[in-house]
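Please have the sequence and the structure open while I talk.

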Amino acid sequence: MKTILITGTTDGIGLETARQLGAQGHRLLLHGRTFEKTQRTIEELRAQQTDLSAEPVFGDLSDMRQVLQLAEQVKEKAPVLDVLLNNAGVFENERRITPDGLELTMAINHFAPFLLTHALLDRVKAAAQGRVISVSSIAHQGGQLDLEDLTFKRSFSGYDAYCTSKLANILFTVALAQRLKGSAVTANCLHPGVISTKLLHSGFGIGGASVAEGARTSVYLATAEEIGTVTGEYFIDSHPATPSATARDTSLAEAFWQTSVELLHPFLSAND
């Protein structure tokens with residue numbers, strides 16, 4: 001049995017991932033924006049599976065202070081965290097800047113998992129074989145990362161911001177895997193498929209495959225024994241795949257990591 005934190009579990013792929021991992025008997029820490037919403041989600045899941053082992057953790061991922069508070073909740077519940085599954089994501093049609101000075105899409109889709117992973121890495125390293133998993137998207141192929149303009153001040157479209165945030169997930173994984181070399185922790189990311197979720201409908205105006213299919217690769221990466229030492233990879237349909245050339249640029253991954261550290265410095269130092 002693994003202890004697994006999943007962000008963004010109140011609907012869509014995150015909810016289905018929780019359902020599948022719960023059915024396997026793992027201990028779950030399920031995240032939602034508020035305690036009430038997350039508790040309702042657990043009650044709904046428990047109605048289907050009475051022996052579900054799940055506890056709520058909560059926080060608004062657009063607010064970096066709440067990301068740190070979320071990490072503290074996890075630390076109180078889990079001295080060892082086998083899997084950190086960065087699943088939460090948004091598609092925003094309007095450019096909005098958070099109180100932390102970050103663009104909202106990038107704040108939730110990249111900076112929150114970056115900060116949360118930093119805050120919880122000691123707990124993941126305490127596991128026999130820890131895993132950090134990030135849900136990216138094939139949409140990363142449309143992403144263009146301007147390190148001088150991560151708030152899209154020059155020009156903004158919801159699609160471009162989303163694609164860039166998904167590119168960010170892969171670059172983060174590449175740089176993290178490099179830093180974790182020699183440890184028992186792996187870092188991988190995935191494209192879940194074109195899945196019929198609220199995000200897909202509102203952002204792209206189309207339908208897709210079932211959420212059960214969308215959760216499959218996340219569940220595989222969280223649990224499969226045969227990939228216990230595989231790291232720094234991008235998966236589609238539970239198999240390693242080749243992301244875009246930009247996503248494979250290790251120099252860009254490193255520069256982006258450093259830029260993220262600089263932008264999150266007040267919060268990273270608060271966590272030290």
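This is a predicted model: local features need pLDDT of at least 70, side-chain atom pairs count only at pLDDT 80 or more; totals for chains, interfaces and linings use all residues.

**A walk through the fold**

Let me begin with S238, which is found in the loop between β7 and β8, where helices (H or I, at least four residues) and strands (E, at least two) are DSSP runs numbered from the N terminus. Residues are numbered from 1 along each chain as its sequence is written, and side-chain values use heavy atoms, with hydrogens and water left out.

Back to the loop, then. S238 has a positive phi of about 65° although it is not a glycine, and with 16% relative accessibility it counts as buried, buried meaning under 20% relative accessible area, exposed over 50% and partly exposed in between, with a 1.4 Å probe and protein chains only.

In what order do the eight strands of the open sheet run? The order is β3-β2-β1-β4-β5-β6-β7-β8, and the pairing is mixed, with two strands taken as paired if DSSP finds at least two bridges between them. Because β3 (54-58) and β8 (239-241) each have a single partner strand, they stand at the edges, and one side of each is left without a neighbour in the sheet. From one strand to the next the twist averages 25°.

Within this sheet, strand β1 (residues 3-6) pairs with strand β4 (residues 83-86) in the parallel sense over three bridges, and L5 stands opposite L84 in β4. Helix α3 (residues 64-77) packs on the sheet and touches β1, β2 (27-32) and β3, its direction making about 155° with that of β3; contact here means heavy atoms within 4.5 Å, and axes are lines fitted to C-alpha atoms, for helices over the stretch in contact, with angles running from 0 to 180 degrees between N-to-C directions. Helix α5 (residues 158-179), for its part, lies across β4, β5 (131-135), β6 (186-191) and β7 (234-236), and runs at about 160° to β6.

I133, in strand β5, counts as buried at 1% relative accessibility, and its C-alpha atom is separated by 5.1 Å from that of N188, 55 residues apart along the chain. Leaving out residues up to four places away in sequence, I133 touches several others, among them V83, L84, L190 and L221. Y234 in strand β7 is buried as well, with a relative accessible area of 3%, and its contacts beyond four places in sequence include S137, I170, C189, H239 and P243.

Let me turn to the helices. How do the axes of α4 (residues 104-125) and α8 (residues 250-263) cross? They come within 11 Å and cross at roughly 85°, which makes α4 roughly perpendicular to α8, a description that covers 65 to 115 degrees, whereas angles under 35 count as roughly parallel, over 145 as roughly antiparallel and the rest as oblique. The contact is made by M106, H110, F111, F114 and H118 of α4 together with F256, W257, S260, V261 and L263 of α8. H110 counts as buried at 2% relative accessibility, and the residues it touches include A168, F172 and F256.

Finally, the rings. A search of the whole structure finds seven aromatic pairs, where rings of Phe, Tyr and Trp (its six-membered ring) pair if their centres lie within 6.5 Å, and planes under 30 degrees apart count as stacked, over 60 as edge-to-face and the rest as tilted. The rings of F114 and F172 have centres 5.6 Å apart and planes at 55°, so this pair is tilted; since F114 lies in helix α4 and F172 in helix α5, the pair ties together parts 58 residues apart in sequence. F172 and W257 form a stacked pair, 5.8 Å centre to centre with 10° between the planes, and this pair links helix α5 to helix α8 across 85 residues.
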